[in-house]
Amino acid sequence: MHLGPYAAFIVAAYAAAFAVVTALIGWVVVDHRAQTRTLHDLEGRGIARRRSSRQEAL
Amino acid sequence: MSALAALLVRDIRLAVRLGGGAPIGVLFFLIVVTLVPFALGPDLGLLRRIGPAILWLGALLASLLALDRLFAADYEDGSLDLILMSSVPLELAVAAKAVAHWLTTGLPLVIASPVLGLFLDLDPWPMGAVALTLLIGTPALTFIGTVGAALAVTLRRGSLIVAVLILPLTIPVLIFGVAAANTAIVGPVPFGPPFTILCGLTLISFVIGPVAAAAALRHGLE
Amino acid sequence: MGFADLANPSRFLSLAERALPWLVVATAAVFAIGLYQALLVAPDDYQQGATVKIMFIHVPNAWLAMLCWTVMSIAALGTLVWRHPLADVAAKAAAPLGTAFTFLCLVTGSLWGRPMWGAYWVWDGRLTSVLVLFLMYLAVLALWRTIEDPSRAARAVAILTLVGAINLPIIKFSVDWWATLHQPASVFRMGAPTIHPAILVPLLIMGVAFMLLFVTLHLAAMRNEILRRRVRTLLLMQAQAGA
């Protein structure tokens with residue numbers, strides 16, 4: 001793979017892409033863990049939503 | 001007197017009586033124009049060449065200043081609820097308030113611009129071109145600004161976020177306003193095309209501004 | 001299972017849970033193929049040399065920047081016109097993604113421009129339009145954070161998104177006009193290089209890869225946002241019960 005005289009720029013671009021994509025994936029994964037953990041905590045403390053068939057509130 | 005005319009007159013009276021609108025706006029405009037030579041140096045040739053741009057930027061920023069008060073005062077004392085509940089279409093009420101706001105904030109900037117042009121050693125024709133483009137362009141800035149003001153109406157200290165929301169949307173007005181004014185200096189490009197586009201942008205803002213602002217007020221105050 | 005069922009958050013959650021693993025696999029696979037094509041197979045452009053490889057990241061992210069605002073606009077209509085409950089969630093989940101992709105487009109565009117034109121930023125018309133779009137994404141993020149009530153925030157952001165969508169063609173036209181006014185020699189046209197098939201194929205594959213990435217991340221972020229709202233509901237219930 002010959003990247004020519006401007007190899008640093010090409011590498012930097014792909015590195016930036018990798019960093020941003022990894023950060024996004026990381027954010028989604030960490031957020032998911034945090035929310036499920038909090039939900040388990042709250043449900044463990046006996047606070048649960050009433051599962052009414054009438055209206056699913058968000 | 002129709003309800004809209006009454007609203008217009010009331011807003012003008014309030015703005016004139018309470019101050020804080022026109023005089024402060026013009027003062028801010030003056031300060032910005034004064035700051036630029038401090039930053040760039042007093043080279044008159046340079047200032048003359050970028051004069052229209054400086055005046056346009058100063059007018060744009062000064063227009064932004066008073067925007068967050070457009071609806072906030074009425075929101076705080078409850079008159080906004082009355083306006084929403086009245087039989088007057090909200091879009092027209094917003095337009096009336098915007099016209100009043102421009103007359104008391106934007107128009108003074110337009111009138112001040114030739115005087116400030118003297119500080120930048122502008123010749124009469126460029127001075128006139130700047131004033132004319134500001135006359136057509138500042139209403140667009142006000143009407144686009146009503147959208148930001150309406151979105152931020154429930155927020156305290158909303159002035160910065162209004163600026164953040166509005167400034168990208170004002171870029172086309174800035175581009176064509178300065179371009180039209182610059183034709184008086186730079187020459188070969190004719191005044192017509194950018195000026196016509198500027199007029200078009202202002203007309204579009206007369207529609208989009210009140211419609212979006214009214215929607216924002218309705219949804220924001222539910 | 002119709003579209004209306006999709007509006008039910010629990011059904012949506014279970015659908016998302018089932019779809020996500022497949023999407024992750026598909027995204028990874030297409031990226032693998034795309035990167036192989038882009039880095040090892042694609043030839044150098046006769047004008048730009050190997051730096052054309054940066055385009056394989058830059059252009060798909062430009063597409064994503066526009067696609068994301070389109071998704072946000074459709075969600076905005078859902079919020080304002082139909083009061084679709086998942087529209088708010090879709091809009092909020094998309095905003096950070098769009099901002100990130102636009103940012104990446106700017107960074108790679110800048111890195112592409114430096115070897116070509118000697119400066120990291122040359123106020124080229126196309127790249128400047130993307131910069132303004134980036135400012136608009138940041139404005140949307142700011143508005144999401146500033147208004148506390150989620151449904152009121154959703155409606156305010158929806159209006160801003162639609163006003164922005166209407167303005168985007170105007171802004172693009174204005175910035176292009178401005179760029180040609182100030183650079184008449186058109187030396188700075190950061191145009192796409194001569195697209196011939198050997199370069200087009202990797203570009204399209206990377207385009208598909210990034211789009212799959214967006215869909216996957218968006219679905220996952222929507223799932224997180226639904227969970228976050230459930231937490232908020234539970235906390236409010238707890239506070240009201242005087243726990």
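Predicted model: local features only at pLDDT ≥ 70, side-chain atom pairs only at ≥ 80, totals over all residues.
Chain C consists of seven helices and zero strands. Read from the N terminus, its elements follow the order α-α-α-α-α-α-α. The C-alpha trace of chain C extends over about 70 × 40 × 35 Å along its principal axes. Of the 243 residues in chain C, 44% are buried. Among the contacts in chain C with a separation of 6 or more, 80% join residues 24 or more positions apart. Chain A, in contrast, has one helix and zero strands, and buried residues account for 12% of its 58 residues.

Two pairs of chains touch, and the pair with the most contacts is A and C. Chain A and chain B have no contact with each other, and their closest C-alpha atoms are 19 Å apart.

The contact between chains C and B takes 21 residues from chain C and 19 residues from chain B. At least two residues of the side of chain C that touches chain B are supplied by each of helix 5 (125–146) and helix 6 (150–182) of chain C. Helix 6 of chain C gives the largest share of that side, 14 residues. The classes on the side of chain C that touches chain B are 16 nonpolar, three polar and two charged residues.

Within chain C, the packing of helix 3 against helix 7 was examined. Two packed helices are described by the angle between their axes and the distance between the axes. For helix 3 and helix 7 of chain C, the angle is about 40 degrees and the axes are 9 Å apart. Angles from 65 to 115 degrees count as roughly perpendicular and those under 35 degrees as roughly parallel; helix 3 and helix 7 of chain C are therefore oblique to each other. Their crossing is right-handed. On helix 3 of chain C, the residues that meet helix 7 of chain C are C:Val52, C:Met55, C:Phe56, C:Val59, C:Pro60, C:Asn61, C:Trp63, C:Leu64, C:Leu67 and C:Cys68. Their partners on helix 7 of chain C are C:Ile199, C:Pro202, C:Leu203, C:Met206, C:Gly207, C:Phe210 and C:Phe214. By class, this contact has 15 nonpolar, two polar and no charged residues.

Helix 7 of chain C also contains C:Ile226. C:Ile226 counts as buried because 21 C-beta neighbours lie inside 10 Å, where the cut-off for burial is 20 or more. The C-alpha atom of C:Ile226 is separated by 10.0 Å from that of C:Asp88, although the two residues are 138 residues apart along the chain.

C:Arg83 has 12 C-beta neighbours inside 10 Å and so counts as exposed.

In chain B, helix 4 (residues 69–77) has the buried residues B:Leu70, B:Phe71 and B:Asp74. These residues cover an arc of only 65 degrees around the axis, so they are on the same side of helix 4 of chain B. An α-helix has 3.6 residues a turn, so residues three or four places apart point the same way. The buried residues of helix 4 of chain B pack against helix 5 (79–85), helix 6 (90–119), helix 7 (124–151) and helix 9 (192–220) of chain B. The exposed residues B:Glu76 and B:Asp77 are carried on the face of helix 4 of chain B turned away from its buried side. Just after helix 4 of chain B, B:Gly78 adopts a positive phi of about 90 degrees.

Key:
Residues numbered from 1 in each chain as written. Chains lettered and ligands numbered in written order. Contact = placed C-beta atoms within 7 Å. Helix = DSSP H or I, 4+ residues; strand = E, 2+ residues; numbered from the N terminus. Nonpolar A, V, L, I, M, F, W, Y, C, P; charged D, E, K, R; others polar. Axes fitted to C-alpha atoms, helices over the stretch in contact; angles between N-to-C directions. Parallel < 35°, antiparallel > 145°, perpendicular 65-115°, else oblique. Left-handed = near helix turned anticlockwise from the far one by under 90°. Arc of directions from axis to C-beta.
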